[in-house]
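Welcome! Keep the sequence and the model at hand as you go.

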Amino acid sequence: MFAVLKTGGKQYKVASGDVLRVEKLAAEAGDTVQFNDILMIGDAIGAPFVAGAGVQAEVIDQIKGEKVIHFVRRRRKHSSKRTKGHRQQLTLIRVTDLLAEGADKSGVKAAIGAGSAPRSAEAAPAAKAPKAAASGDDLKKLSGVGPALEKKLNAAGITSFAQIAGWSEADIARYDEELGLKGKIEKEGWVAQSQDLKA
């Protein structure tokens with residue numbers, strides 16, 4: 001008995017034990033997957049698919065196809081050439097079972113293309129971190145402080161105007177040295193500005 005299945009926009013005629021190269025599937029080597037888009041199995045012909053039919057297969061490996069060279073040369077354009085290579089991502093599978101009915105109750109993972117598979121929670125990009133806590137002050141209000149310098153100050157543990165307002169001469173010298181501010185604290189008058197802003 002044979003079946004005709006559809007995956008990756010192509011149709012394949014398969015029998016039990018066949019080894020196929022299909023468009024990349026979202027599965028690891030050793031997994032068992034089931035193709036549910038069956039156009040024909042045995043004597044049953046689908047309209048367009050046979051209801052309840054399926055083809056189960058074992059994933060052997062994720063491979064790349066042969067290299068295809070794409071060469072473009074435009075006549076009448078002096079030295080206008082482009083060469084590009086491409087190797088298609090494929091999945092090597094071995095057909096293990098043809099199910100004429102009951103495939104929807106088999107419990108085997110459906111074969112889904114790698115491009116249309118939902119991304120897992122780990123792979124999803126992390127949501128942007130919320131802004132700094134409301135307890136910290138906006139240090140960019142100080143003259144000469146932009147976003148980059150504000151990050152440096154926050155990394156050094158300075159988050160409020162009250163901290164800057166309480167600096168002594170020794171603290172000013174220490175932070176000037178640590179953060180490489182080159183005398184900006186005294187030139188811009190951060191301590192006086194912080195005393196005004198914290199009120």
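**Exercise 1. Find the salt bridge between Arg 174 and Glu 178, and work out how these two residues are placed in their helix.**

Step 1. Look at the two side chains: Arg 174 and Glu 178 form a salt bridge, with 3.5 Å from N to O. The term stands for a side-chain nitrogen of Lys or Arg within 4 Å of a carboxyl oxygen of Asp or Glu.

Step 2. Both residues belong to helix α3 (residues 169-179), and because they are four residues apart there, about one helical turn separates them. Helices (H or I, at least four residues) and strands (E, at least two) are DSSP runs, numbered from the N terminus.

Step 3. Arg 174 is partly exposed, at 38% relative accessibility. Here buried means under 20% relative accessible area, exposed over 50%, and partly exposed in between (1.4 Å probe, protein chains only).

A note before going on: this is a predicted model, in which local features need pLDDT of at least 70 and side-chain atom pairs count only at pLDDT 80 or more, while totals for chains, interfaces and linings use all residues. Residues are numbered from 1 along each chain as its sequence is written, and side-chain values use heavy atoms, leaving out hydrogens and water.

**Exercise 2. Trace the network that joins Asp 138, Lys 140 and Glu 150.**

Step 1. Start at Asp 138, whose salt bridge with Lys 140 has its closest N and O atoms 3.7 Å apart.

Step 2. Continue from Lys 140 to Glu 150, where the side chains meet in a salt bridge of 3.1 Å, N to O. This pair links distant parts of the chain: Lys 140 is in the loop between β11 and α1 (147-155), Glu 150 is in helix α1, and they are 10 residues apart.

Step 3. Compare the surroundings. Asp 138 is partly exposed at 33%, and Lys 140 is partly exposed at 37%, whereas Glu 150 is buried at 13%.

Step 4. Shared partners join these salt bridges into one network. The count for the model comes to six salt bridges.

**Exercise 3. In what order do the five strands of the open sheet stand?**

Step 1. The order is β3-β10-β7-β4-β11, with mixed pairing. Two strands pair if DSSP finds at least two bridges between them.

Step 2. Check the edges: β3 (19-23) and β11 each have a single partner strand, so one side of each has no neighbour in the sheet.

Step 3. Strand β4 (residues 32-35) runs antiparallel to β7 (residues 54-64), with four bridges, and pairs in the parallel sense with β11 (residues 109-110) over two bridges.

Step 4. Follow Val 33 both ways: its bridge partner in β7 is Ala 57, and in β11 the partner is Lys 109.

**Exercise 4. Is Thr 91 buried or exposed, and what does Thr 91 touch?**

Step 1. Locate Thr 91 in strand β10 (residues 89-99).

Step 2. Thr 91 is buried, with a relative accessible area of 0%.

Step 3. Leaving aside residues up to four places away in sequence, Thr 91 touches several residues (heavy atoms within 4.5 Å), among them Leu 20, Val 22, Val 59 and Asp 61.

Step 4. A polar atom of the Thr 91 side chain lies 2.9 Å from the backbone nitrogen of Leu 25.

Conventions
A polar contact is a pair of N or O atoms within 3.5 Å; within protein, one must be able to donate a hydrogen and the other to accept it, and residues adjacent in sequence count only if both atoms are side-chain atoms.
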